[in-house]
Amino acid sequence: MPRYPVPAATADAPHCSETVVRRSRFLAQSARAASPAEARAFVEAVRGRWPDATHNCWAFAAGAPGDTARIGSSDDGEPHGTAGRPMLQVLLHGGVGEICVVVTRWFGGVKLGTGGLVRAYQDAVRENLAGLSCVERVAQKVAALVLDYAHLDALRRQLPGLEAVVEAEDYAERATLRLRLPAERVPALAELLAAVSNGSGALELVEEFPSSPD
């Protein structure tokens with residue numbers, strides 16, 4: 001998936017929301033986590049902020065929306081299957097990628113039962129996602145183009161339409177441009193180069209950027 005929303009919130013400034021269920025307080029905090037390591041670091045940071053909490057349950061999905069390759073969750077002492085996994089299911093269907101949510105609970109003295117806990121934790125995550133601001137994550141690549149000077153201006157005029165940015169230039173016997181652009185635009189760039197250079201230009205992919213939020 002070349003483009004998808006990710007949280008604008010960071011681990012240092014997470015997005016917070018709060019719900020209260022039968023006197024138990026549920027504080028949900030979410031942030032972008034582009035890897036399992038980032039997610040776990042966020043969990044530990046939240047745990048350190050609220051040492052008096054009864055539980056810090058969490059879930060993360062560190063890939064594209066719905067991708068289950070890099071996921072994790074924890075009930076953190078709640079009855080098995082009542083917190084982490086239900087939270088994860090909400091994340092996987094929430095349409096946001098690279099996200100970690102920690103729901104911190106302060107027990108209010110009234111037991112909620114297993115079904116009540118599942119609903120409370122899922123509702124806490126849904127409430128958090130409803131107000132979450134996102135940015136677009138764009139997978140990018142870097143391409144090196146070599147072409148004759150006679151074709152350079154024609155190529156340059158069409159680069160903005162491909163969202164391509166010139167990062168470096170070298171002018172020797174032929175012109176060489178290093179471009180950064182969305183991965184999904186690479187086939188169009190190849191077609192453009194072939195058209196303006198009458199097939200004499202060359203394109204090489206040099207580097208891939210797996211994640212670049214705008």
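This is a predicted model: local features need pLDDT of at least 70, side-chain atom pairs count only at pLDDT 80 or more; totals for chains, interfaces and linings use all residues.
Residues are numbered from 1 along each chain as its sequence is written, and side-chain values use heavy atoms, with hydrogens and water left out. Helices (H or I, at least four residues) and strands (E, at least two) are DSSP runs numbered from the N terminus.

**Stop 1: helix α1**

Select residues 36-49. This is α1, with 14 residues and a reach of 20 Å from its first C-alpha to its last, close to the 20 Å expected at 1.5 Å a residue. The expected span is 1.5 Å times one less than the number of residues.

Now pick out Ala39, Phe42, Val43 and Val46, which are buried. Buried means under 20% relative accessible area, exposed over 50%, and partly exposed in between (1.4 Å probe, protein chains only). Look down the axis of α1: its buried residues fall within an arc of 100 degrees, so they line one face of the helix. The arc is that of the directions from the helix axis to the C-beta atoms. An α-helix has 3.6 residues a turn, so residues three or four places apart point the same way.

On the other side of α1, Ala37 and Gly48 are exposed.

**Stop 2**

Select arginine 22, in the loop between β2 (15-21) and β3. Arginine 22 is not a glycine, yet has a positive phi of about 50 degrees. Most residues other than glycine have a negative phi. Arginine 22 is exposed, with a relative accessible area of 53%.

Next select aspartate 76, in the loop between β5 (71-74) and α2. Phi of aspartate 76 is also positive, near 45 degrees. Aspartate 76 is partly exposed, at 26% relative accessibility.

**Stop 2: helices α2 and α3**

Show residues 84-92 (α2) and 113-130 (α3), which pack at an angle of about 30 degrees with their axes 8 Å apart. Axes are lines fitted to C-alpha atoms, for helices over the stretch in contact, and angles run from 0 to 180 degrees between N-to-C directions.

To see the contact (heavy atoms within 4.5 Å), display Pro86, Met87, Gln89, Val90 and Leu91 of α2 with Val118, Tyr121, Gln122, Val125, Arg126 and Leu129 of α3.

**Stop 3: valine 138**

Go to strand β7 (residues 134-138), where valine 138 is found. Valine 138 is buried, at 1% relative accessibility. Draw a C-alpha to C-alpha distance from valine 138 to valine 6: they are 10.0 Å apart in space and 132 residues apart in sequence.

**Stop 5**

Select histidine 151, in the loop between β8 (140-147) and α4 (152-158). Histidine 151 is buried, at 15% relative accessibility. Leaving out residues up to four places away in sequence, histidine 151 touches Val196, Ser197, Asn198 and Ser200.

Val196 belongs to α5 (residues 186-196), whose buried residues are Val186, Leu189, Leu192, Leu193 and Val196. Seen down the axis of α5, these fall within an arc of 115 degrees, so they line one face of the helix. Glu191 and Ala195 are exposed on the other side of α5.
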